[in-house]
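Reader: Hi! Please take a close look at the nonpolar packing in this model and walk me through it as one connected story.

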Amino acid sequence: MKLKVDIMQTIQQNHFRALIKPTRTALAVATLVALAGCAVNPRLATPEEVTSRMNDDVSKMYVGQAAISGPLTFEEAVARTLKYNLDYRLKKMESAVALGIADQASFDMLPNLVASAGYRTRSNDSGGTSIGIVDRIESVRPSTSEERRHSLAGAEFSWNALDFGVSYYRARQQSDQFLIAEERRRKVVQNMIQDVRAAYWRALGAQRLLADTNSIIDRANTALGRSREAETQRLISPVQALTYQRALLDAITLLNQRRQDLEFAKRELAALMNVEPGVTFTLADTAEAKLPPAPKDVRKLEEMALLQRPELREEDFRKRITADEARKQMLSIFPNLSLDFGRQSDSNDLLYNNSWTQGGARLSWNLMKLFSVPAMQRTQAQQESVDQARRMALSMAVMTQVRIGVERYRLALDDYRLADNAAQVDRRLADYTKAAVNSRLESDLEAIRTQARAVLGAYQRMSAYGAAQVAFSRLYNSIGVDALADNFEGDDLPALTERVRAQLKALEAEQLPLTSNLFGQLPQVSVRVAGVDDAVGQVRMTAQVKEFLQRNEMEVSDNGMPVTFTLTRVQKDGMEKASWTISAIDTSGKPRGQAMHTATLPADARQSAYEATLAAAMTSQLAQLRSWVAKDAQ
């Protein structure tokens, strides 16, 4: 009977295999066809796609820009460049992306909490027979503990110590990458203002002299025609006529060269301000900005440049990134601890328990990593040496730029003075010649030549002035000073223009800044102690307050924000309540804030006791003091 059953099972299995074999073949063929259909071939962009991209980009280049409504001042040109320049927009977006990545990296330090849900199905039952481990007796009755169809669900909490350490240092590196992006954005701002300063004054010179240039060229062309006519009619000798014509052509050529050189600056200025092509504008014919004298304390400028140049500050952040990378690699040699805890659920009815909680801890250590420690240390030392050498080379380049910038600016000032004197002489000579001209050909030629020389002298003067502005801007840029505080994003165009104007006035007054603008100036506070009858005690307490404020990075000055410390004493039942009232007003006289601290003392306490209560009052209200000073600084 058993033999008959085995024969029947064998027949059924062979029949099933015979049925399934064509099905598997068809499935394999269908899979190959699907994979072949998924092959991706290179595809060129269609003309419609290119045209759509072009139109979309052009339509977004000038969105949200205020129209130029009148003559453009230098301050407005700088403000428009800061607000609308596309290169600056790009750097600002890169900084925003870097900040987002840094914020995202901080989430990697959190433990993992994974929720899962699924569904499983199969065409037949799982399971099988078993054999005894000791007696080797085989159980021929197949069994299963899993349904063909069942759903799964779970939530698991896991934490890995090594992943936490790596994520921590990676988050620090991403934060430094954001700071690097900010330094590059600072550099873009500095370069943009330098380019605007160079282009604006050259363009203004071309605009001022355009009418005189066209007049002289028209006169020269008229005289050129008269000369050719006189040569044709044999009124003058050919040599005299050709010499005359050559002189006129030389004058016209020089004027055209100067005019073209300066007029290109207007197109550069329009590109910096992101002005739409075809939009015409004029520059305000304002007085030329005063050129500060050349600085003398070059050593101090070098120190400022080494302190605040964006390139060197970027290297500071790269140094921290390199150090964190070394720490991140060293973490891999330590033992790794991982913890997990979770709740699972299975709808399988054949299970004894359909829901359960599980957890575990594991400690692992890759001992082979220990052999890589010497190589890691050598690599770290080599990388630090490379970083140091790069910083030293960059520092030397920065110091050289500062010294060259000072010398270039000094020479540019000399060239401008010479060009200014020469332009004045040429103008006076042209006026004399114009008054003395008569109808003779030689006199007409001399008048045109002197007029052309006067215009060329004016061009040379404006070019020299523009070169001096460029030299000053390069010197300013080589120090790494921000021409405007880095908080102008929310300003509209008129407000930003006023801020630029105020900054330029301060620059003319102070020449070149000799203190760093990156770390800010210490907040200034003026101090007054009231309510103390003893004059000696009042002096001691005033000195105590000043020392406390200076120790907490607040500078005491007569021009600072007024802060008053008033002592009030009330005696009762042999005890005394000493209250210190700290009040502050801003520089315009408006109240800034008030705080109070009270202590209980014995009656007729010593002076040292009141000094102790003053120290306690200042310490307890330090945060309040800082907030008042910060608001006043804004």
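Author: Happy to! The chain has an accessible surface of about 38600 Å², and carbon and sulfur atoms hold 56% of that (Shrake-Rupley method, 1.4 Å probe; for residues, only the protein chains shown count as cover). This is a predicted model, where local features need pLDDT of at least 70 and side-chain atom pairs count only at pLDDT 80 or more, while totals for chains, interfaces and linings use all residues. Residues are numbered from 1 along each chain as its sequence is written, and side-chain values use heavy atoms, leaving out hydrogens and water.

Now to the interior. Of the 634 residues, 36% are buried, meaning under 20% relative accessible area with a 1.4 Å probe, protein chains only. The largest nonpolar core has 55 residues; such a core is a set of buried Ala, Val, Leu, Ile, Met, Phe, Trp, Tyr and Cys residues joined through side-chain atoms within 4.5 Å. Tyr200, Leu269, Phe281, Leu283 and Tyr409 touch the most other members. Among the elements that give two or more residues to this core are α3 (74-84), α5 (161-232), α6 (238-272) and α9 (373-436); helices here are DSSP runs (H or I) of at least four residues, numbered from the N terminus. The most comes from α5, with 10 residues.

Zooming in on Phe281, its contacts (heavy atoms within 4.5 Å) include Ile68, Leu72, Leu269 and Met273, with residues up to four places away in sequence not counted. Apart from this core lies another one, of 30 residues, including Met541, Met554, Trp628 and Val629.

Terms used. Buried < 20%, exposed > 50% of the residue type's maximum accessible area, 1.4 Å probe, protein only.
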